[in-house]
Amino acid sequence: MSTCLNGEMPAHVVKISAVEVEFSLFSTDILENGVALTCAELRIPIIAYSPMSRGFLTGDIKKPEDIPEGDMRKYFPPFQAEAFYENLKLVAEVEKVAAKKGATPPQIAIAWIRAHSGEDGFPIIIPIPGATTEARVEENTKDISLTEEDIKEIEGILSKFSVMGDRYPAH
Ligand SMILES: NC(=O)c1ccc[n+]([C@@H]2O[C@H](COP(=O)([O-])OP(=O)(O)OC[C@H]3O[C@@H](n4cnc5c(N)ncnc54)[C@H](OP(=O)(O)O)[C@@H]3O)[C@@H](O)[C@H]2O)c1
């Protein structure tokens with residue numbers, strides 16, 4: 001970063017306050033593409049959007065028809081046809097972890113993101129789940145901690161799973 005002789009930032013340089021990026025059990029790109037590491041080095045917080053992969057990780061969507069007509073998720077590759085049922089396998093695994101922990105799948109999905117926050121090689125990470133009812137907001141913000149064993153179990157699940165379908169439609 002360039003600085004003026006007096007140590008202040010020049011007018012054309014602004015500090016980046018946060019990086020908003022998709023991060024969830026379905027979207028782990030930032031772990032490999034340098035975004036998490038760079039944000040950690042520069043102490044830039046990450047805002048993790050779609051932390052439940054647009055609702056997929058809640059376990060409430062079990063077939064493509066569960067997505068209402070007109071809902072834009074219908075156009076997203078991971079929710080379409082063959083990809084849907086392949087991706088549902090990850091949801092099933094998260095449901096198993098949740099059942100063992102006495103938690104819900106959204107809570108596990110969010111706790112997994114929070115478990116990275118401030119760890120070695122990670123900046124502060126703030127998941128921003130979207131929900132339309134008070135009950136869901138309460139559910140999603142309940143403090144669920146994952147143990148090292150839980151994290152290892154989830155990493156094991158992720159290592160055997162490949163998301164089918166790009167995050168966004170080609171156009
Ligand atoms: N910067 C970007 O490009 C970008 C892109 C996408 C999203 N975002 C932001 O990220 C935030 C969240 O993303 P998102 O809404 O796409 O995905 P999300 O948080 O991964 O999932 C939201 C979906 O999960 C459902 N849900 C939430 N909590 C639930 C619970 N406890 N039980 C069952 N279902 C539950 C919601 O249903 P209901 O809504 O019906 O309650 C909604 O359908 C939003 O603020 C959004 O603006 C940013």
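Predicted model: local features only at pLDDT ≥ 70, side-chain atom pairs only at ≥ 80, totals over all residues.
How do the residues lining the second largest pocket divide into nonpolar, polar and charged? Hold that thought, everyone, and welcome.

The lining of the second largest pocket divides into 9 nonpolar, 5 polar and 5 charged residues. That makes up a lining of 19 residues, and those nearest the centre are Phe 26, Ser 27, Thr 28, Val 163 and Arg 167. The space in this second largest pocket comes to about 240 Å³.

Now let's turn to the largest pocket, which holds about 370 Å³ of space. Here 18 residues form the lining, with Met 52, Gly 55, Thr 58, Gly 130 and Arg 136 nearest the centre. By type, we find 7 nonpolar, 6 polar and 5 charged residues in that lining. Helix α5, residues 134–141, gives the most to it, with 3 residues.

And where is the ligand? The space it takes is the largest pocket. Around the ligand there are 20 residues, and Met 52, Gly 130, Thr 132, Arg 136 and Asn 140 come nearest. Once again α5 gives the most, with 3 residues in the shell around the ligand. That shell divides into 7 nonpolar, 7 polar and 6 charged residues.

Let me zoom in on some contacts. Ser 50 has a polar side-chain atom 2.9 Å from a ligand oxygen, and Arg 136 also places a polar side-chain atom 2.9 Å from an oxygen of the ligand. From Pro 51, a backbone N or O atom lies 3.4 Å from a ligand oxygen. Taken alone, the ligand exposes 910 Å², and the protein buries 68% of that.

Key:
Residues numbered from 1 in each chain as written. Heavy atoms only, no water. 1 Å grid on protein atoms, 1.4 Å probe; cavity = no way out; pocket = protein on both sides within 12 Å on 5 of 7 lines; lining within 4 Å. Points joined across faces, edges and corners; volume = space filled by probe spheres on them. Helix = DSSP H or I, 4+ residues; strand = E, 2+ residues; numbered from the N terminus. Nonpolar A, V, L, I, M, F, W, Y, C, P; charged D, E, K, R; others polar. Near = heavy atom within 4 Å. Polar contact = N/O pair within 3.5 Å; in protein donor to acceptor, adjacent residues only side chain to side chain. Areas by Shrake-Rupley, 256 points an atom, 1.4 Å probe, with all protein chains shown as cover. Sits in = over half its atoms within 2 Å of the grid points.
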